[in-house]
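Welcome! Here is a short briefing to read alongside the sequence and the 3D view. Take each topic in turn and find the named parts as you go.

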Number of protein chains: 4
Amino acid sequence: MAEISPRKQPRQARARATCEAVKQAAARILVTGGPPALNTNAIAETAGVSVGTLYQYYPSKQAILAELVRDMRAGMLADIERGRAQAKGHDLRTAVRLMVGASLHHHRRDALGAEAMERAEAELPMDAETDALKRRIIALVAELLAGYGIADPELAARDLSAMTRGMAQAAVAAGETDFDALTERIARGAIGYLETGCN
Amino acid sequence: MAEISPRKQPRQARARATCEAVKQAAARILVTGGPPALNTNAIAETAGVSVGTLYQYYPSKQAILAELVRDMRAGMLADIERGRAQAKGHDLRTAVRLMVGASLHHHRRDALGAEAMERAEAELPMDAETDALKRRIIALVAELLAGYGIADPELAARDLSAMTRGMAQAAVAAGETDFDALTERIARGAIGYLETGCN
Amino acid sequence: MAEISPRKQPRQARARATCEAVKQAAARILVTGGPPALNTNAIAETAGVSVGTLYQYYPSKQAILAELVRDMRAGMLADIERGRAQAKGHDLRTAVRLMVGASLHHHRRDALGAEAMERAEAELPMDAETDALKRRIIALVAELLAGYGIADPELAARDLSAMTRGMAQAAVAAGETDFDALTERIARGAIGYLETGCN
Amino acid sequence: MAEISPRKQPRQARARATCEAVKQAAARILVTGGPPALNTNAIAETAGVSVGTLYQYYPSKQAILAELVRDMRAGMLADIERGRAQAKGHDLRTAVRLMVGASLHHHRRDALGAEAMERAEAELPMDAETDALKRRIIALVAELLAGYGIADPELAARDLSAMTRGMAQAAVAAGETDFDALTERIARGAIGYLETGCN
DNA sequence: CATGAATGAGTATTCATTCAT
DNA sequence: CATGAATGAATACTCATTCAT
């Protein structure tokens, strides 16, 4: 059983910098070489530290990945929360557009990184904290949808998240960079999904 | 650079049976243990042959996986072709429902296997033949959509495929088994995407 | 939890030879360098095989050591059984001398090896089979002692075994090589232990 | 070659306390986890100091262990000296009983610690000072035996020490706690060894 | 002096692939 | 053709030791 929670809290500034460097390095490798290229020696070298140092802060390779994914999900949750705040008071169609846009914020920042991270997540043994973040995200969306009278808002939230994720993934893979256009297309699917359901 | 095309064409029946057994074994391991569990020794043992024999027919581990994915895509293409034949003459909404249903045929046969295979595909260096199959699938869908006057049918085909894949993946991960209901939900999204676009 | 039982049965003659070579190599390293020198690379190199080969037959370093110890205990049990057969019909003093002599047979064959092995045993997580062998050895001695009317023969058997082991260890460490003399001295202690108890 | 003598003489009280804490920590770890668990990080943490501080007082891990063993032997020497003082004027049998009892004093204080320490000693490169202590112990016993007209008192002293050590080890391993009974049994063996020799 | 961050050689183990039988 | 023994580079992780702060 691989330990997954971080090993020790970095107390000095240097230590915190090291931690960050390790995560950045792991993320970069993941983007450029995919999961098979992600090995601890490569991470350490890319981060400019020794393997030993890496293991001072993370008890295992999995733990690094887990924290990376956790960070990504936490950022996504924040994006979604901001999105919901913006969406408040608007009609369903506008609200959906805003939420889809919010969901793609991390793609705007770093499309390849975002994709790599979501892929990596699938191969990871489920981390409790990350799982909680994911549930919270779905719950937020479901609440919003419930406010518009959508039936089975939980299921709808899951479907719309999946739709967004799937379309974004394909778009990034195809090299798209116009996220406004992508947002618009996803929103069309989402709105269709929601409104057709009311018929 | 690992060789990826099969090493020799199995002419005799026994040889074909061996090939099949190897692929089946690889597929089963992929489903039950994921990519990390997929190693050549395990494949050989599960298939009931020796590693040596395995290497008679496949030049590398990647080649086995590549053929597995190729088979999956070929099957999917056949499903889609059958779907299109059925869809001919129906209105857009019905056609979409039929196509989505066709796309989920392999999920109906073996949901976990289908998912495992699509995941595996992402980690594989792009195989020319598989890529051609994927393009053909998109092209088929695009042709169909063009017949209904959809603008930018290529892009729409890609978006709908991605939408389908994303929602199916999430549904399987959540343990859903009612593929009719799933088909209906995906179709709602797809139709919304297509019709909203006409506004 | 390290696996300790051997991994696969060697089918071909070559394989059996490899197995034996690995054990011999481990034993030699243990004698010359002690536990800290016993690492799998060294074992493989000394045995003239690759690490990979070593791991075909033993699932872990511990497993090699465990089998070595098991072999030693099995040999010892055989020695003790022969000793008891010889001792039958003799008086207590003679019987004790014969049994002590039998216990030192493996020291006569390879004093340093015998000592190294007994040391190693202490650091090993208890292997069920080895434990059974040790119990059997004690039981055999206890039976013999019971036949002479010794009180609490189990305890006496354990004490005499420990006495023998302790004195032999010190003698080997001091470089003694006259095992007849050593046998005689141990026997004096043993007989004293047994007869004083009758007072 | 690792330095083994302590690095600096602790003059201040705080320093002496640190040294003591380090040794105590090492001893405790050795008892609870055995040699493999004994690493400098664990020692430092258990002692409540930093690794850096540990290395202020001991030049290497081996040095800590060496001092621990030296302390143990010094304590044993003191026990034996007290035993001999008590034994003066008594007959051989009584003297032997007293000496065996004295040898087991450190077992009475901390049976597991005593055993762990003696085990550790075997794995250590011979330290000159410790070796001198061991010789002195044997010499003391030999002198005592010589006073009773025992032939080859050096050899007898070594044999009796080994006998004591062997039996004590087995008894502790078996979970015995009645050291008076154990003393009595060892003494029987010892007396038998010595008196049978006079025949 | 004390701290704890950093180092990197060393260790056990795996697994794709080859090749003698 | 089939077998499975052998290979060895690669990988995750540990731990004694050093040194900047």
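Four salt bridges cross the interface of chain C and chain D, by the rule used here. Please keep in mind that this is a predicted model. The points below start with that interface and then move on to the other chains and to some packed helices.

**Chain C with chain D**
- One salt bridge pairs the side chains of Arg158(C) and Glu176(D), with 2.1 Å from N to O.
- In general, side chains of opposite charge can pair when their charged atoms come close.
- On the chain C side 23 residues are in contact, and they meet 22 residues of chain D.
- About 2100 Å² is buried between chain C and chain D, and carbon and sulfur atoms give 59% of that area.

**Chain B with chain A**
- Here 22 residues of chain B are in contact with 24 residues of chain A.
- The area buried between chain B and chain A is about 2100 Å², with 58% of it on carbon and sulfur atoms.
- Which three residues supply more of the area that chain B buries against chain A than any other three? They are Arg158(B), Arg188(B) and Tyr193(B), which supply 26% of it.
- The rule finds four salt bridges across the interface of chain B and chain A.
- Arg185(B) and Asp159(A) form a salt bridge, and their closest N and O atoms are 2.5 Å apart.

- Chain A and chain C make no contact, and their nearest C-alpha atoms are 11 Å apart.
- Chain B and chain D are not joined by any contact either, and their closest C-alpha atoms lie 30 Å apart.

**A look at chain A**
- Chain A has 10 helices and zero strands.
- Read from the N terminus, its elements run α-α-α-α-α-α-α-α-α-α.
- Taken along the principal axes, the C-alpha atoms of chain A fill a box of roughly 60 × 30 × 30 Å.

**Helix 7 and helix 8 of chain B**
- Helix 7 of chain B covers residues 128-147 and helix 8 of chain B covers residues 153-173; their axes come within 8 Å and cross at roughly 120°.
- The two helices are therefore oblique to each other.
- The crossing of helix 7 of chain B with helix 8 of chain B is right-handed.
- Helix 7 of chain B brings Ile138(B), Val141(B), Ala142(B), Leu145(B) and Ala146(B) to the contact, and among the residues they meet in helix 8 of chain B are Pro153(B), Ala157(B) and Leu160(B).
- By class, this contact has nine nonpolar, one polar and two charged residues.
- Helix 7 of chain B also holds both Asp131(B) and Arg135(B), four residues apart, about one turn of the helix.
- Asp131(B) and Arg135(B) form a salt bridge, with 2.9 Å between the closest N and O atoms.

**Helix 4 and helix 6 of chain D**
- The axes of helix 4 (residues 61-87) and helix 6 (residues 105-123) of chain D come within 10 Å and cross at roughly 135°.
- That angle makes helix 4 of chain D oblique to helix 6 of chain D.
- Helix 4 of chain D passes helix 6 of chain D in a left-handed crossing.
- The contact includes Leu65(D), Met72(D) and Asp79(D) of helix 4 of chain D, and His105(D), Arg109(D) and Met117(D) of helix 6 of chain D.
- Its residues divide into seven nonpolar, two polar and five charged.

**Salt bridges overall**
- Over all chains, the rule counts 76 salt bridges.

Terms used:
Residues numbered from 1 in each chain as written. Chains lettered and ligands numbered in written order. Predicted model: local features only at pLDDT ≥ 70, side-chain atom pairs only at ≥ 80, totals over all residues. Heavy atoms only, no water. Axes fitted to C-alpha atoms, helices over the stretch in contact; angles between N-to-C directions. Parallel < 35°, antiparallel > 145°, perpendicular 65-115°, else oblique. Left-handed = near helix turned anticlockwise from the far one by under 90°. Contact = heavy atoms within 4.5 Å. Nonpolar A, V, L, I, M, F, W, Y, C, P; charged D, E, K, R; others polar. Buried area = accessible area lost by both parts, 1.4 Å probe.
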